[in-house]
Amino acid sequence: MNRREFSQSTASVLALSALGLPLVATPALAQAQAQRSFKEGKDYTRLSKPVATEAPAGKTEVVEFFWYSCPHCNTFEPTFDAWKKAAPASLAIRRVPVAFNASFVPQQKLYYALEGMGKLPELHAKVFRAVHVERLPLNKDELIYEWVAKQGVDAAKFKEVYNSFTVSNQIRRATQLQNDYQVEGVPSMGVAGRYYTDGTMAGDMDNVLRVVEYLAAQAPKA
């Protein structure tokens, strides 16, 4: 989903990328992929102004920009989650929910409230399922409160965190990071505060992950 497509029709959710097959490769193919050199300006862009990262010293930050209501983010999530779990310890990987306009903010608040309550591991995938399988929009505060309560979460505590200064500050930082990376669509990824790639540039989201691995390997040398 990109800004132009969203503004043209909020009812028609399009994406920048067409997702390919899961990440499965023979040893020969994996070796060939590892030896491939991706091209700046084609497979990824370099930011004109590097942005600050939250990665601990000695680690390279990788950011996935996403939106719960994006169908391609939903499709990409299992692949990304498996990749994240198998990624080298040298990578500090995190998700950042985007907001192309004010209607996205409730889902940003949902993500950070769940994170603040330690509920993301059990409920992140369930949010995607609720939106894309159960057809629950979860785009308004009351709809979110109702859904969260049905998941066995303390409703009063959730509302407190959801409307807290901490979550508001996290949203401000997320939106600033989105702007710094010049995110135009989701799913997309930023690396080391210096590089940006998405399915349009890399060809598909499986290839995006290969580009990310390549950039992460280059980052300490830059």
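**Close-up views of the predicted model**

**L138 is buried, with a relative accessible area of 2%.** Buried here denotes under 20% relative accessible area, exposed over 50%, and partly exposed the range in between, with a 1.4 Å probe and protein chains only. The structure is a predicted model, in which local features require pLDDT of at least 70 and side-chain atom pairs count only at pLDDT 80 or more, while totals for chains, interfaces and linings use all residues. Residues are numbered from 1 along each chain as its sequence is written, and side-chain values use heavy atoms, with hydrogens and water left out. L138 belongs to the loop between α5 and α6, where helices (H or I, at least four residues) and strands (E, at least two) are DSSP runs numbered from the N terminus. The phi angle of L138 is near 45 degrees, a positive value in a residue other than glycine. R135, in the loop between α5 and α6 (141-150), likewise has a positive phi, near 60 degrees. R135, however, counts as exposed, at 64% relative accessibility.

Contact requires heavy atoms within 4.5 Å.

**Helix α3 is kinked by about 40 degrees at E77, shortly before the proline P78.** The bend at a residue is the angle between axes fitted to the seven residues ending there and the seven starting there. The 16 residues of α3 (71-86) reach 24 Å from first to last C-alpha, close to the 22 Å expected at 1.5 Å a residue; the expected span is 1.5 Å times one less than the number of residues. The buried residues of α3 are C73, F76, E77, T79, F80 and W83. Their cover includes β2 (60-66), β3 (91-97), α5 (120-132), β4 (188-191) and α10 (205-218). From helix α10, L209 lies 8.2 Å from F80, C-alpha to C-alpha, although 129 residues separate L209 and F80 in sequence. L209 has 0% relative accessibility and so counts as buried.

**Strand β2 lies between β4 and β3 in an open sheet of five strands.** The order is β1-β5-β4-β2-β3, with mixed pairing; two strands pair if DSSP finds at least two bridges between them. The edge strands, each pairing on one side only, are β1 (45-46) and β3. β2 and β3 run parallel and are joined by seven bridges, with V63 partnered by R94 of β3. Four bridges link β2 to β4 in the antiparallel sense, and E64 has M189 of β4 as its bridge partner. Seven of the seven residues of β2 are buried, so the strand is largely enclosed by the rest of the structure. T60, V62, E64 and F66 point one way, and E61, V63 and F65 the other. Together β2, α3 and β3 make a right-handed β-α-β unit: with the strands pointing away from the viewer, the path from the first strand over the helix to the second runs clockwise.

**The peptide bond from V186 to P187 is cis, with omega near 0 degrees.** P187 is placed in the loop between α8 (165-180) and β4.

**Residues 8-32 have pLDDT under 50.** pLDDT is the predictor's confidence in each residue, from 0 to 100. For this stretch the model has 44 contacts beyond four places in sequence. Where pLDDT is low, the predicted coordinates should not be read in detail. The chain averages a pLDDT of 88, and 83% of the residues score at least 70.
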